[in-house]
Amino acid sequence: MDYQFILVEREDPIAVLTLNRPQQLNALNWTLIGELADACEALDRDDAIRCLVITGAGDKAFAAGADIKEMTGQTPVSMMTGEFEGWDRLRRIHKPIVAAVGGFALGGGMELAMHCDLIIASENARFGQPEINLGVIPGAGGTQRISRNIGKFIAMEMVLTGRNFTAEELHRLGLVNAVVPVGQHLEKAKEVAHTIATKGPVAVRVAKEAILAAFEMPQEQGLMYEKRLFATLFATEDQKEGMAAFVEKRKADFKGR
Ligand code: CO8
């Protein structure tokens, strides 16, 4: 399937999705977000693919935000209807997604990275929520995700001052998994994706679900949910295979069943 604003490259068992508007620093227009959601959903249904990587084309940006030119003529009604659907669909992808960030990840770009499950950043990556400079606030989860994933005070600083944070700062704050030399973010992200892809697909899916549930549920309920998911995995062939492989001192061959 050909898309206008993204590239999809399969490297089974992983797939790399590239935001492809480098002249506009990969600004996220509505079509791009819709295409990204379509492609992620198709790969989510594909048993041969076990982990996704999202990156930006060119060496300047992951994505410099939602497309400001496209937003200038919007109204409250047009912003409320339909257009958020792509973001919501991305939130519901079951397979793990690794963000490979080089250069700017601003506004919607940082929010897209935070929709992913791990973030690998190049030393030159710059993250920020500069919407305040445009007279608005983050609209794709920035206020909520920074508050929950880091905390109130950093969220206030990012959103109220609009200051960019370095990859190293966000690594120290726990939002970035690894910082690598300039230009190596995609290779590192693919390496991490390949590692995840060797694990049992059912356990990976359920693990992502359980961790995301921690942000939605009280702890007592979350612990019970985890316990139930853990028990359910004993009905899978992958559990039998994983444990048998350990006992027999061989590599497990997970089938996702
Ligand atoms: N939208 C549209 N075009 C952009 C964007 C953007 N966010 N960012 C950069 N571009 C374009 C520029 O207009 C320019 O195009 P042209 O050559 O046609 O003028 C091209 O990309 C290159 O950009 P610059 O010349 O500005 O490059 P610099 O290296 O000088 O500066 C910066 C790089 C600092 C990143 C600068 O481009 C910048 O400040 N960009 C805007 C950053 C920003 O404010 N982002 C937040 C946008 S608002 C948002 O993301 C809200 C999210 C809500 C999501 C929910 C939606 C439903």
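User: At roughly what angle do the axes of α5 and α6 cross?

Analyst: This is a predicted model, in which local features need pLDDT of at least 70 and side-chain atom pairs count only at pLDDT 80 or more, while totals for chains, interfaces and linings use all residues. Residues are numbered from 1 along each chain as its sequence is written, and side-chain values use heavy atoms, leaving out hydrogens and water. Helices are DSSP runs of H or I of at least four residues, numbered from the N terminus, and their axes are lines fitted to C-alpha atoms over the stretch in contact, with angles from 0 to 180 degrees between N-to-C directions. The axes of α5 and α6 come within 10 Å, and they cross at roughly 50°.

User: Which residues of α6 make the contact with α5?

Analyst: Contact means heavy atoms within 4.5 Å. From α5, the contact is made by Met110, Glu111, Met114 and His115. Their counterparts in α6 are Gly142, Arg145 and Ile146.

User: Within what arc do the buried residues of α7 fall?

Analyst: In α7 (residues 152–161), Ile154, Ala155, Met158 and Val159 are buried, that is, under 20% relative accessible area with a 1.4 Å probe and protein chains only, where over 50% is exposed and anything in between partly exposed. On the other side of α7, Phe153 and Leu160 are exposed. The arc is taken from the directions from the helix axis to the C-beta atoms. Seen down the axis of α7, the buried residues line one face of the helix, because they fall within an arc of 115°.

User: Which residue just after α7 takes a positive phi?

Analyst: α7 covers residues 152–161. Just after α7, a positive phi of about 75° is taken by glycine 162.

Conventions. Helix = DSSP H or I, 4+ residues; strand = E, 2+ residues; numbered from the N terminus.
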